[in-house]
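Please work through the following exercises with the sequence and the three-dimensional structure at hand. Each task is followed by a stepwise solution.

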Amino acid sequence: MHQTIHILAVSDNVDIRNLIQSTFEARGQLAICVPSSQEAIHLLNRGIQAEIILFDANANKLAPAPSPLGLFEKITDEKLCVLSGPSDTSWEHYAAKCGIATTLTLPLRRQDIENLSEKTKEYASFQPSTGASQTSCHLEELDNNRFFLAASSPMMKLYRDVRALAPVDIPVLILGESGVGKEVVAMLLHKYHARAEKTFLNVNCAALPTELLESELFGYEAGAFTGATKAKPGKFELANKGTLLLDEIGEMSSQMQAKLLHVLQDGSFCRLGARTTTQVDVRTLAATNINMEEAIAQKRFREDLYYRLNTLTLTVPPLRERREEIPLLIEQMTRRGSAELGQPFAFSRRLIETAQDYHWPGNVRELRNFVTRTLILQDERSAYNDLHAKIRTEAPCTTAVAVEVPIQEKKAAIPVGMKDVISDVKNQAEIRMLQDALLASGWNRRRAAINLNISYRSLLYKIQRHGLTAHHESSVA
Ligand SMILES: Nc1ncnc2c1ncn2[C@@H]1O[C@H](COP(=O)(O)OP(=O)(O)OP(=O)(O)O)[C@@H](O)[C@H]1O
């Protein structure tokens, strides 16, 4: 299986890799940047073809093994570009001898990279899209009643990248704010891989303390700890031959990071309490909403593990940067939700336009919960008022608030499944009824209880549970 990307860059300099990645990505092109020629050879062996291969001879001089010549031997049709140090002419000499098209010298400028990007075949046909009208739409069914929708320029590009690279067995790191659809993208990567028939599993690395995460990932033998009466395989074993998504990888403890690195290196690990090792063949994907470079700089995340996980990085944009998708997402969610709940509902144009004005800090997940809530309540006016109240209280800056919320708080604040949404809706409806009754009775609680047809004690309990006071402002406008 051959997949062509625009550039494969080999450099052990993070800044150079970032510059190349961001310049090509900004032009809608696909760049894979790896720190060593060994990894580049590995990718070429797995069917990746690159229009350009950039080899940073300067940086790799410091770590000469394996010889870049091994990499050069692999190169057939690609245009090779060598990056050499300021006073280093040996590579230019070598390049000329090999008929290499271009050499670049340090310091590298963005313009140099842009010039390279223009040399690729597809650059000429690349047209940055300015809106939905120029963008086609893609809808794809996934399992568990989930779907993937792309209808904006950045999401279509993401979809094309996923389709192009999914069949190649390389580690992919999926970045993006909470709720943008990182898991959905991971499911797509699995769907287009030869492993599609096998299991896709997901482990949330933030949800469990280190010891539990270890037994969840690697399993345990009987007697490994108190209560381990029977042996249990971990997710790595259960996902053998398939795909394992390590979600919220940025939250993993350093102890677990060390263990994970071992598995990724040779595919072997020990179940807790086992004497022998277990060998697996699992495609590992990772996702996070934290800034990994910052985490590495602050020594919260191991650099070596990071480079194992992110041969390719895919970034899912926040919903506020692809607002043109909101009407289509609402339409799909309404169609499916109405069928599931057995109650048809149509969003008015006014409600859809208001949804497009809101900045959705919880991204597609928040939108899905909003749609589900509206379908259950069947109350267009209240949905509209809810959104309006949120827009009014929105911070003027449009960057996501959700990213800064600590993970545990965020999980509690954002309902995750149908059950949570329903209980959230029930709570809101109860609060609204209590407030209306209390307001109508002038906060005479006995009268309010009679009007609500509940006992006085029950009313007092509910007032306390929801923290209502006579001055409590209605959360629903
Ligand atoms: N492109 C999309 N098309 C359709 N549904 C989507 C899309 N992106 C996300 N969703 C839906 O939004 C919800 C959140 O998606 P998902 O769990 O993949 O987000 P995430 O980025 O992995 O979140 P977290 O960071 O909290 O793990 C899910 O219900 C998912 O089905």
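Residues are numbered from 1 along each chain as its sequence is written. This is a predicted model, in which local features need pLDDT of at least 70 and side-chain atom pairs count only at pLDDT 80 or more, while totals for chains, interfaces and linings use all residues.

**Exercise 1. State the confidence of the model and locate segments with pLDDT under 50.**

Step 1. The average pLDDT (the predictor's confidence in each residue, from 0 to 100) is 81, and 81% of the residues score at least 70.
Step 2. The model scores are ipTM 0.98 and pTM 0.71.
Step 3. Residues 123–134 stay under 50 in pLDDT; the model has 13 contacts for them beyond four places in sequence (contact: C-beta atoms, placed from the backbone, within 7 Å).
Step 4. Residues 472–477 also stay under 50, with 10 contacts beyond four places in sequence.

**Exercise 2. Describe the shell of residues around the ligand and identify the domains that supply it.**

Step 1. There are 18 residues around the ligand, a residue being near if its C-beta atom, placed from the backbone, lies within 6 Å. Leu 149, Gly 181, Lys 182, Glu 183 and Val 364 come nearest.
Step 2. By class, the shell holds seven nonpolar, five polar and six charged residues (nonpolar: Ala, Val, Leu, Ile, Met, Phe, Trp, Tyr, Cys and Pro; charged: Asp, Glu, Lys and Arg; polar: the others, Gly among them).
Step 3. At least two shell residues come from each of strand E7 (147–150), helix H8 (182–191) and helix H16 (363–377). Helices (H or I, at least four residues) and strands (E, at least two) are DSSP runs, numbered from the N terminus.
Step 4. The ligand lies between domain 2 (132–315) and domain 3 (320–416), because both give residues to its shell; the domain bounds come from an automatic or database domain assignment.

**Exercise 3. Characterise the largest nonpolar core.**

Step 1. A nonpolar core is a set of buried Ala, Val, Leu, Ile, Met, Phe, Trp, Tyr and Cys residues joined through C-beta atoms within 7 Å. Buried means 20 or more other C-beta atoms within 10 Å, exposed 12 or fewer, and partly exposed in between, with C-beta atoms placed from the backbone.
Step 2. Of the 87 residues in the largest core, Ile 7, Leu 8 and Leu 54 touch the most other members.
Step 3. Strand E3 (residues 48–56) gives the most to this core, namely six residues.

**Exercise 4. Is Arg 46 buried or partly exposed?**

Step 1. Arg 46 is found in the loop between helix H2 (37–45) and E3.
Step 2. Arg 46 counts as partly exposed because it has 14 C-beta neighbours inside 10 Å.

Terms used
Two residues are in contact if their C-beta atoms, placed from the backbone, lie within 7 Å.
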